[in-house]
Amino acid sequence: MFSSLLPKPKHCSHETIKVLSYEDTVPLKVKYPNLRHHFPRYTLETCPDDSLAVCVAETRKFIDDLLLKSQGGDAPGPEPTLVTYTPNSLSDGDNRGRTLEIRNYKEDPLLPPKFKLRKNREKEPSPPPPILKSAPTEKITKDVKDKWHIPSAVSNWKNNQGFAISLDKRVHAASGGSSAQGPDLNIEKFTALSLALESADKQAREELELRNEHRKQLAIREQAEKEKQLKALLDKSRQAKRNIDYDHDHTRKRYRGS
């Protein structure tokens, strides 16, 4: 079939060309809505053999494998198991029961938590471990005991009110008043120490004055040298200016004489 608007093909007579119309372009389902084809359409229940079920299973398996690879998942889990459950409420002669199918499903990590998270209550801390100390190796003598002995709060006079007495007064009362005299001082060595400290202080003051005087003299000398250098530069600049003026005057006189 060729269109009449196109040139006729080669090796073809004009009689074989058939002119198309609009009716020829309409689909058969639209043109004949009640048209029935003779090919049977089977379902899984009406199919005489298991070819359709095998095709559906293979197609489903292939699609599942593609989805699993695209999602990066693992291999499928084990097949579900069937368990027959018979409740205790039934009598012995009654064989009715329930068949349960057990499957293992993967848990979605994006699901909200199923259980409420509770904070751990603060428990009382465990008791501290005991500190084990080794026994002293040295034997404590009577002199050591007397050295660390603190007399009791008992005065030599009546203490009917029961006032607390300070430690220094207890020691003073226990020593019989001998601690009130105070320690003995070596007057000769104390005088020598005072004189040595005084002489050292005086010598340090003299050295400090000499050092300050020397620094002052150095500062005055540096200032004088700077002034001398500035004066020399000023004289030099004045002399150069005078020489320039003299050269100008000499040049003018020469031109006038010529």
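**A surface patch and what surrounds it**

Modeller: On the surface, F62, I63, L66 and L67 form a nonpolar patch, with about 390 Å² of accessible area together. Patches are made of residues with over 30% relative accessible area and no salt bridge; like charges are joined within 9 Å, and nonpolar side chains (Val, Leu, Ile, Met, Phe, Trp, Tyr) within 5 Å. Accessible areas come from the Shrake-Rupley method with a 1.4 Å probe, and for residues only the protein chains shown count as cover. This is a predicted model, where local features need pLDDT of at least 70, side-chain atom pairs count only at pLDDT 80 or more, and totals for chains, interfaces and linings use all residues. Residues are numbered from 1 along each chain as its sequence is written, and side-chain values use heavy atoms, with hydrogens and water left out.

Colleague: Which helix holds V56?

Modeller: V56 lies in helix α3, which covers residues 51-71. V56 is partly exposed, at 32% relative accessibility. V56 and L44 are twelve residues apart in sequence, and their C-alpha atoms are 9.2 Å apart in space.

Colleague: How many helices and strands does the chain have?

Modeller: The chain has six helices and two strands. Along the sequence the pattern reads α-α-α-β-β-α-α-α. Helices (H or I, at least four residues) and strands (E, at least two) are DSSP runs, numbered from the N terminus.

Colleague: And what share of the residues is buried?

Modeller: Of the 258 residues of the chain, 2% count as buried. The accessible surface of the chain comes to about 27,300 Å², and carbon and sulfur atoms hold 57% of that surface. Among contacts (heavy atoms within 4.5 Å) with a separation of 6 or more, 4% are between residues 24 or more positions apart.

Colleague: New topic. How many salt bridges are there?

Modeller: A search of the whole structure finds three salt bridges. A salt bridge is a side-chain nitrogen of Lys or Arg within 4 Å of a carboxyl oxygen of Asp or Glu. Side chains of opposite charge can pair when their charged atoms come close.

Colleague: Which residue does K142 pair with?

Modeller: K142 forms a salt bridge with D146, at 3.0 Å from N to O. The two are four residues apart in helix α4 (residues 142-147), so about one helical turn separates them. K142 is exposed at 60%, whereas D146 is partly exposed at 45%.

Colleague: What about R205?

Modeller: R205 meets D201 in a salt bridge of 3.4 Å, N to O. Both lie in helix α6 (residues 187-257), four residues apart, so they too are separated by about one helical turn. R205 is exposed, with a relative accessible area of 55%, and D201 is partly exposed, with 39%.

Colleague: Which residue does R103 bridge to?

Modeller: R103 bridges to E101, and their closest N and O atoms are 2.8 Å apart. R103 is partly exposed at 43%, and E101 is partly exposed at 45%.

Colleague: Last one. How many disulfides does the structure hold?

Modeller: The structure holds zero disulfides, a disulfide being a pair of cysteine sulfur atoms within 2.5 Å. C47 is buried, with a relative accessible area of 15%, whereas C55 is partly exposed, with 44%.

Terms used:
Buried < 20%, exposed > 50% of the residue type's maximum accessible area, 1.4 Å probe, protein only.
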